[in-house]
Amino acid sequence: QVQLVESGGGLVQVGDSLRLSCVASGRTFSRYVMGWFRQAPGKEREFVAAISRSGGYTNYADSVKGRCTISRDNAKNTVYLQMNNLKPEDTAVYSCAAAEGSWPVTQYNYWGQGTHVTVSS
């Protein structure tokens, strides 16, 4: 099992940038595909980005493509989400998730508690 703890959220202005971090503990981090998801108030949780175990493959939701970059540092057991040119519609709770299995994955096994991102206009 793996435990996930996110950080880096906050209140920012339109056009600002944020880097979210998710630190994993427990089993070997490099064995998991990692993803970021978000849930806005009153909406369903949605996929944001994912990265393969080695970091060689990534995937993004159309809504963030070109503005967000997912990366990972397996030596630090950490996955990152760099978000640029933030928009009000990016306001949400952002959670990271870990998936067992090979890329690409469709189901995630472990979830963090999330970090709040609020983009003010």
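Which residues do ring pairs link into a cluster? They are Phe37, Phe47, Tyr108 and Trp111. The model is predicted.

**Aromatic pairs**

The count of aromatic pairs comes to 6. Take Tyr32 and Tyr110. Their ring centres lie 5.9 Å apart and their planes meet at 90 degrees, so this pair is edge-to-face; the cut-off for that class is over 60 degrees. The pair ties together distant parts of the chain, 78 residues apart. Tyr32 belongs to the loop between strand S3 (18-26) and strand S4 (33-39). Tyr110 belongs to strand S10 (residues 110-111). Are these two tyrosines, Tyr32 and Tyr110, buried or exposed? Both are buried.

**Charges over rings**

Tyr32 also takes part in a contact with a charge: the charged end of Arg31 sits over its ring. Arg72 lies over the face of Phe29.

| Charged residue | Ring | Distance to ring centre |
|---|---|---|
| Arg31 | Tyr32 | 5.9 Å |
| Arg72 | Phe29 | 4.4 Å |

**The sheet**

In what order do the 4 strands of the open sheet run? The order is S1-S3-S8-S7, and the pairing is antiparallel. Strands S1 (2-7) and S7 (68-73) stand at the edges. Each has a single partner strand, so one side of each is left without a neighbour in the sheet. From one strand to the next, the twist averages 15 degrees.

Technical notes
Residues are numbered from 1 along each chain as its sequence is written. This is a predicted model: local features need pLDDT of at least 70, side-chain atom pairs count only at pLDDT 80 or more; totals for chains, interfaces and linings use all residues. Side-chain values use heavy atoms; hydrogens and water are left out. Two strands pair if DSSP finds at least two bridges between them. Helices (H or I, at least four residues) and strands (E, at least two) are DSSP runs, numbered from the N terminus. Axes are lines fitted to C-alpha atoms, for helices over the stretch in contact, and angles run from 0 to 180 degrees between N-to-C directions. Rings of Phe, Tyr and Trp (its six-membered ring) pair if their centres lie within 6.5 Å; planes under 30 degrees apart count as stacked, over 60 as edge-to-face and the rest as tilted. Buried means under 20% relative accessible area, exposed over 50%, partly exposed in between (1.4 Å probe, protein chains only). A charge sits over a ring if NZ of Lys or CZ of Arg is within 6 Å of the ring centre and within 35 degrees of the ring normal.
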